[in-house]
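Please open the model in your viewer and keep the sequence beside it. The stops below say what to select and what is to be found there.

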Amino acid sequence: MKILGIDPGLRITGFGVISKQGNKLSYIASGVIKTPDGDLPQRLKSILAGVSEVIRTYQPDCAAIEKVFVNVNPQSTLLLGQARGAAICALVSADLAVAEYTALQVKQAVVGQGKAQKQQVQDMVQRLLMLSGTPSTDAADALGVAICHAHSSDVLAVLGALTPELAAKGLRMRRGRLID
C-alpha cells in the first residue's frame, strides 16, 4: 500500500510518499510544493495543482493530512485552513480516502512524545525510513503524517477484525476503549 502524507502550508506544503508491506515501511519520495508570492487564489491553485501532480506521479492508494491547529492569530489559522482545503480537494478529486491527524498524534506516532521538537521528528523519520540524509522540516512532517497513518491503519484493522467476535461477546468500543 502506498500512502501519501501532506503537511499543508500556504507558502510551503510538504508531501511524503511511503510504501507499507506488512510491518515494513519504505521511503518512496518526499518534497515540497512552494507557492508563488501573490494573491491567495493563485497560491491555492498552486497547492491544488502541486498535490494533483504528486498524485499523478506516485499513484498512492490512500492519503493522510495534518489537521489545522488553532493559532494565536485567527487570520493565520484561516489561511492555513484554506491551504489545507486546496490539498484535500486534490486528494478527493483523485478518489483517495483521506485520513486526518493532529500534530500531536503525528509526533506521538513518530517520536513517541506529543511535544517533540521539529528536529526530533526529522531524526526519527530519517531513522524509521532509513534515509541517507535528513529531510527538510516540511517533508519530514509530511512523511510523519504518512507514518502515523500506516501505524493507525494497523490498529484500525486489528480493531475491525476483532469487532464481530467482540460484539458477539457483548463488548463494544467507546471513546477508543473496549467496554462491556
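Which side chains does a polar contact of 2.9 Å join? Select Gln126 and Thr134, whose side chains make this contact, a polar contact being a pair of N or O atoms within 3.5 Å of which, within protein, one must be able to donate a hydrogen and the other to accept it, while residues adjacent in sequence count only if both atoms are side-chain atoms.

This is a predicted model, in which local features need pLDDT of at least 70 and side-chain atom pairs count only at pLDDT 80 or more, whereas totals for chains, interfaces and linings use all residues. Residues are numbered from 1 along each chain as its sequence is written, and side-chain values use heavy atoms, with hydrogens and water left out.

Stay with Gln126, which lies in helix H4 (residues 118-128); helices (H or I, at least four residues) and strands (E, at least two) are DSSP runs numbered from the N terminus. Leaving aside residues up to four places away in sequence, Gln126 touches Leu131, Ser132, Gly133, Thr134 and Pro135, where contact means heavy atoms within 4.5 Å.

Now colour the whole chain by element: there are five helices and seven strands, and from the N terminus on they follow the order β-β-β-α-β-α-β-α-α-α-β-β. Of the 180 residues, 41% count as buried, that is, under 20% relative accessible area with a 1.4 Å probe and protein chains only.

Next, select strand S1 (residues 2-7), which is largely enclosed by the rest of the structure because five of its six residues are buried. S1 pairs with strand S2 (residues 12-21) in the antiparallel sense over six bridges, pairing requiring that DSSP finds at least two bridges between two strands, and the hairpin that they form has four residues between them. S1 also runs parallel to strand S4 (residues 62-66), to which four bridges join it. Centre the view on Leu4, which stands opposite Val17 in S2 and opposite Ala63 in S4.

Finally, move to helix H1 (residues 40-58), whose end C-alpha atoms are 27 Å apart, in agreement with the 27 Å that its 19 residues should span at 1.5 Å a residue, the expected span being 1.5 Å times one less than the number of residues. Among its buried residues are Leu44, Ile47, Val51 and Ile55, and the elements covering the buried residues of H1 include S1, S2, strand S3 (24-34) and helix H2 (74-93). Just after H1, select Gln59, which takes a positive phi of about 50°.

Key:
Buried < 20%, exposed > 50% of the residue type's maximum accessible area, 1.4 Å probe, protein only.
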